[in-house]
Amino acid sequence: MARLSQEELLTDEGIRSDGRKIDEARPFEVEVGVLTQADGSALVRQGKNLILAGVMGPYEAERHSQYLDRSSLRVRYHMQPYSTNERKSPTYSRREIELSRAIREALEPAVILTELPRTQIDVFVEVLQADGGTRCASVNAASVALADAGIPMRDLVTAVAIGKVRDTLVVDINDLEDENGQADFPIAMMPNKGKITLLQMNGLLTQDEIKRSVDMAKRVIDSLYVVQVNALKKKYAPLAAPNEG
Amino acid sequence: MRRPSFQGSLGQDYLEFLLAKFKSNERVDGRALDQYRKLEVLPGVVPKADGSAQVKLGETQVLAGIKITSGAPYADTPDEGVLTVGMDLAPFAHPDFQPGPPDERGIGWGRVVDRGIREGKAIDLGSLVIEEGKKVVIIWLDITVLNHEGNAQDASSIAALAALMTAKFPPDIAESLGKDSIELAHYPISVTVGKIGDYLMVDPSLEEEDYLDSELSITTLEDGRVSSMQKILSGALTEDEVLRCVELAKEKGEELRAAVMDVAKKYKSAEEKKVNEE
């Protein structure tokens, strides 16, 4: 990983190392239903992140993991060995376990689990290429895949990481900003409900910076949400259209 | 909902339906017995990898990624680089696939790819030495099955070859070796032939896989030699059937190899053009 100074991360003119402005998110693309064996799937490109989420289920849960009143949601976040700058060992890491939990808990408030008692829903996330903010991109992919699987939901979940470089807040940080910056603040929301479902922070922020970060995140999340919805519409709107003739 | 296996739900009747089709050289999806599904090869889908290729064989999807590093050679081969082939079955690729290390089936697919390349001497490992006994090039080839709709074996073999053909050494390794990509001496391609009843069919679909008595994967090189063979499942093959499989592997391997080489060539010249323009 390249070492960059704060001045290299943000120029005097307010331009970031990849040419973006401070409030400019990376290119974001969503493709729905790219797999045939999964019950729902989505491929997300967020910057150079390439993330594939597949949902299996709902299916009857094993006795020991059954809840009588709701479904149990399992999430597994996994990175491919070729997804990172340095080859990642295929052994499942503590970081992958931590992120699996963060992603699961980001999604759970949006999924109406009580509609599907005694079942299990598996969300599998494969990081094919990582570029900073993989947990956010994973949440963005997973929530669309859940919707594609027809799982009842209160809202989609949309996420972005805010960062701090050269004492300035910037949105949707990439790998270099994550590694060399002063803070990494991933936030996921149910955009229509205005509720925050994932919140972590590494680094140093003031109270005022936290307030401004959430505001900045909200604006980006609203724009990413439109892309998620449009991707779902692209697959499902033709099916919903009335039959001609 | 999880799909019930065809074997369980359709049983004997479906088998007879399949056999009746085979009799007139037809398959359920409209193919002839010696016909592959549509093949699509997409090199460079993971730019952070040193080489990568996504393969779609019908609805089966496989991704191969390569990372190239340097390190110590094995003690018994101090004058050779190292090739390591890993296999991963994404848990969304098939309801039977579980998270974690691959089962015997997944290991088997990876081993056939590995042996096809290694035994075929496709990569001259002797040319990947930076300092004999101390520092050699390590090629990490990792294969991920993303969607299993049958014959992940051949899709993996094709993805591996396409990734190797289009891989680039990282700058420091390119400098110490004096070349920028892996020179392949041979182009191994596996062809998988299934057997149901007395019929042989190439590139079995998932539905056909449920009814296979046995399956034979044969890796051939461009000169017609065979670099690996693997028979799996509980059925048996006659000597004549084995020889017919070898014949099929040569013929179909040639078609597949030509398709991969064509895509790799076009990709490489497009890449070169990009570099020249920069």
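Predicted model: local features only at pLDDT ≥ 70, side-chain atom pairs only at ≥ 80, totals over all residues.

Residues are numbered from 1 along each chain as its sequence is written, and chains are lettered from A and ligands numbered from 1 in the order in which they are written.

**Stop 1: the sheet of chain A**

Select strands β1 to β5 of chain A. These five strands form an open sheet of mixed pairing, in the order β1-β2-β3-β5-β4. Helices (H or I, at least four residues) and strands (E, at least two) are DSSP runs, numbered from the N terminus; two strands pair if DSSP finds at least two bridges between them. At the edges are β1 and β4 (72-79) of chain A, each of which pairs on one side only. From one strand to the next the twist averages 15°; axes here are lines fitted to C-alpha atoms, for helices over the stretch in contact, and angles run from 0 to 180 degrees between N-to-C directions.

Next, select β2 (residues 40-46) of chain A together with β3(A). The two pair in the antiparallel sense over seven bridges, and A:R45 stands opposite A:L50 in β3(A). Further along, A:P58 also lies in strand β3 of chain A, and the peptide bond from A:G57 to A:P58 is cis, with omega near 5°.

In the loop between α2 and β5 of chain A is A:R118, whose phi is positive, about 65°, although it is not a glycine.

**Stop 2: helix α5 of chain A**

Select residues 207-240 of chain A. This helix, α5, has 34 residues and reaches 47 Å from its first C-alpha to its last, close to the 50 Å expected at 1.5 Å a residue (the expected span is 1.5 Å times one less than the number of residues). A kink of about 40° lies at A:K234, shortly before the proline A:P238; the bend is the angle between axes fitted to the seven residues ending at a residue and the seven starting there.

Which residues of α5(A) are buried? They are A:S213, A:M216, A:A217, V220, I221, L224, Y225, Q228 and A231 of chain A. A residue is buried if 20 or more other C-beta atoms lie within 10 Å of its own, exposed if 12 or fewer, and partly exposed in between, with C-beta atoms placed from the backbone. The cover over these residues includes α3 (134-148) and β8 (183-190) of chain A.

**Stop 3: where chain A meets chain B**

Show both chains. Here 24 residues of chain A are in contact with 28 residues of chain B, contact being C-beta atoms, placed from the backbone, within 7 Å. On the side of chain A that touches chain B, the largest share, five residues, comes from β3(A).

**Stop 4: two residues of chain B**

Select B:L248, in helix α6 (residues 239-277) of chain B. B:L248 counts as buried because it has 20 C-beta neighbours inside 10 Å. Not counting residues up to four places away in sequence, B:L248 touches B:D34, B:V191, B:V193 and B:V202.

Finally, select B:D203, in the loop between β8 (199-202) and α5 (206-209) of chain B. B:D203 has a positive phi of about 50° although it is not a glycine.
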